[in-house]
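Let's work through some exercises on a protein chain together. Take your time with each task before reading its solution.

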Amino acid sequence: MTAAPRTTESGEPELTPTAPTATPSRRRTFGLAAATALVMGNIIGGGIFVLPATVAPYGSISLLAFLVLSIGAVLLALLFGKLARRSPVTGGLYVYPRDAFGPFAGFLSAWSYWTMTWVSIAALAVAAVGYVDVLIPLHDNHALGALVAILALWLPAAANFAGTRWVGTVQIVSTILKFVPLLLVATVGLFFIDTDNFGAFNASGDSVPGALAASAALLLYSFLGVESAAVSAGEVADPERNVGRASVLGTLGSALVYILGTVAVFGLVPHEKLVHSGAPFADAVNAITGGSWGGTAIALVAVASIVGCLNGWILLAAQMPYATARDGLFPAPFAKIGRGGVPGFGVWACAILGTILIAFNYTAGPDTTFRVLVLITTFTGCVPYLFSAAAQLYWLARGTRDRVRPAGLIRDLIVAALSFAFSFWLIAGAGYAAVYQGVLFLFAGIPVYVWMRGRGEMAEGEKAIA
């Protein structure tokens, strides 16, 4: 008689990860602190230093958008924590839909996420140039700017080649470096707020729902990274517990800094000036001190923040195709692990692709297709969120009824359903152009899947004949 499958407290069947995805036996180097720093470091990159000025044209309604996005991000963190209990292995956002819906769904999720990571890496490296320009004037020299961006990309790539222990160390140090001054602005700055600086609640001239959706669409990119611990679960100690805890703690910490920091900047810098500001946090520090040294201090923090963020994103960009390649759906070199425990080929691939995008950006100028590519990172990042939420709903629907605990089932069902709705809303908020081009990028991966799947089945057939 076949034994009944084990179930969670929600009643869903508890599955054992399939062999191809299970991480090879090696030391897990990320404790709770490092995993939390990975989440926070990837969520909070260079964007926080320009976001207040980006959303200022919509008015203080953008603060409400931050709150809505923060709640949605925490829901996703809870979702990934539950899913990591089922599959505590590297490449979570690929593993979850693969286990629920099959290899094609897993591949699409992995391909979409991988596309988002290496495009985001290039965007972050380019963002560093503006802050370096404050420290060392580049005089609008595009060649010099490209060189700075490439260096900003390859320095954290070198840390990844050194191994996951170095990645975790760099992540903790860079997170502390950027959080101390950001928290100072977000706390000390609150005592210098002038309410007249906030301007109108809705300065866009659009309806409140329209302004809320439009400002939220600009802020979507700022919360990508909530899944960081789930993607690198194979490197996390006690992942069944720590992935969920790190995801929630990292997301809550990031949301706190985002909201308080933006409130402080909105209250310190007059709305008319903030709309046209290129360095809103520097302007905020100048308003507190009455001096002009804020720009240099914030530029130093921004560079450290971006390098730390790149450090974590490069690891994620290598981990996702690593998990997929172990199932034979990505080229085999992506599955090779280097001496430091990092998939070296994946690091090389994202660094080279990012370098090509940077070169393209500085060759063609600022108003190019590259900026459009940056916009689709929101779409390509949210597709795996949608697949993961759907996977959890699937497992809940398959739950063994005689073992269901109603409280656990209702809780998990609410989290999964709201996560699915939130992800769907984010995709819709990305805009028609981003969704259109994001779908093209998604479909571009289908020939890769067909080729890898066909080659794998052909090899299995040859073995059977032999």
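A residue counts as buried under 20% relative accessible area, as exposed over 50%, and as partly exposed in between (1.4 Å probe, protein chains only). The model is predicted, so to speak of local features a pLDDT of at least 70 is needed, side-chain atom pairs count only at pLDDT 80 or more, and totals for chains, interfaces and linings use all residues. Residues are numbered from 1 along each chain as its sequence is written, and side-chain values use heavy atoms, with hydrogens and water left out.

**Exercise 1. Decide whether A122 is buried or exposed, and find its helix.**

Step 1: The relative accessible area of A122 is 0%. Because this is under 20%, A122 is buried.

Step 2: A122 belongs to helix α5. Helices are DSSP runs (H or I, at least four residues), as are strands (E, at least two), numbered from the N terminus.

Step 3: Now look along the chain. A122 and I358 are 236 residues apart, yet their C-alpha atoms are separated by 6.0 Å.

**Exercise 2. Describe the chain as a whole: how many helices and strands are there?**

Step 1: The chain has 18 helices and 0 strands.

Step 2: Of its 466 residues, 54% are buried.

Step 3: Contact means heavy atoms within 4.5 Å. Among the contacts with a separation of 6 or more, 84% join residues 24 or more positions apart.

**Exercise 3. Work out how α4 and α5 are arranged.**

Step 1: Axes are lines fitted to C-alpha atoms, for helices over the stretch in contact, and angles run from 0 to 180 degrees between N-to-C directions. The axes of α4 (residues 92-101) and α5 (residues 103-135) come within 6 Å and cross at roughly 160°.

Step 2: Angles under 35 degrees count as roughly parallel, over 145 as roughly antiparallel, 65 to 115 as roughly perpendicular and the rest as oblique. Therefore α4 is roughly antiparallel to α5.

Step 3: On the α4 side, the contact is made by L93, Y94, P97, R98 and F101, and on the α5 side by P103, A105, G106, F107, S109, A110 and Y113.

Step 4: Sort these residues by class: Ala, Val, Leu, Ile, Met, Phe, Trp, Tyr, Cys and Pro count as nonpolar, Asp, Glu, Lys and Arg as charged, and the others, Gly among them, as polar. The contact of α4 with α5 has 9 nonpolar, 2 polar and 1 charged residues.

Step 5: Check how covered α4 is: 8 of its 10 residues are buried. They are G92, L93, Y94, V95, Y96, P97, R98 and A100. After α4 comes G102, with a positive phi near 110°.

**Exercise 4. Which residues of α5 and α6 meet, and at what angle do the axes cross?**

Step 1: The axes of α5 and α6 (residues 142-161) come within 8 Å and cross at roughly 120°, and the two helices are therefore oblique to each other.

Step 2: From α5, I121, A125, V126, A128, V129 and V132 meet G145, V148, A149, A152 and L153 of α6. These residues divide into 10 nonpolar, 1 polar and no charged.

**Exercise 5. Find the residues with the most contacts inside the largest nonpolar core.**

Step 1: A nonpolar core is a set of buried Ala, Val, Leu, Ile, Met, Phe, Trp, Tyr and Cys residues joined through side-chain atoms within 4.5 Å.

Step 2: The largest one has 131 residues, and F49, F80, L93, Y96 and W313 have the most contacts inside it. Helix α5 gives the most to this core, with 18 residues.

Step 3: Zoom in on F80. Not counting residues up to four places away in sequence, F80 touches L93, Y96, V226, E227, A230, V243, Y385 and S388.
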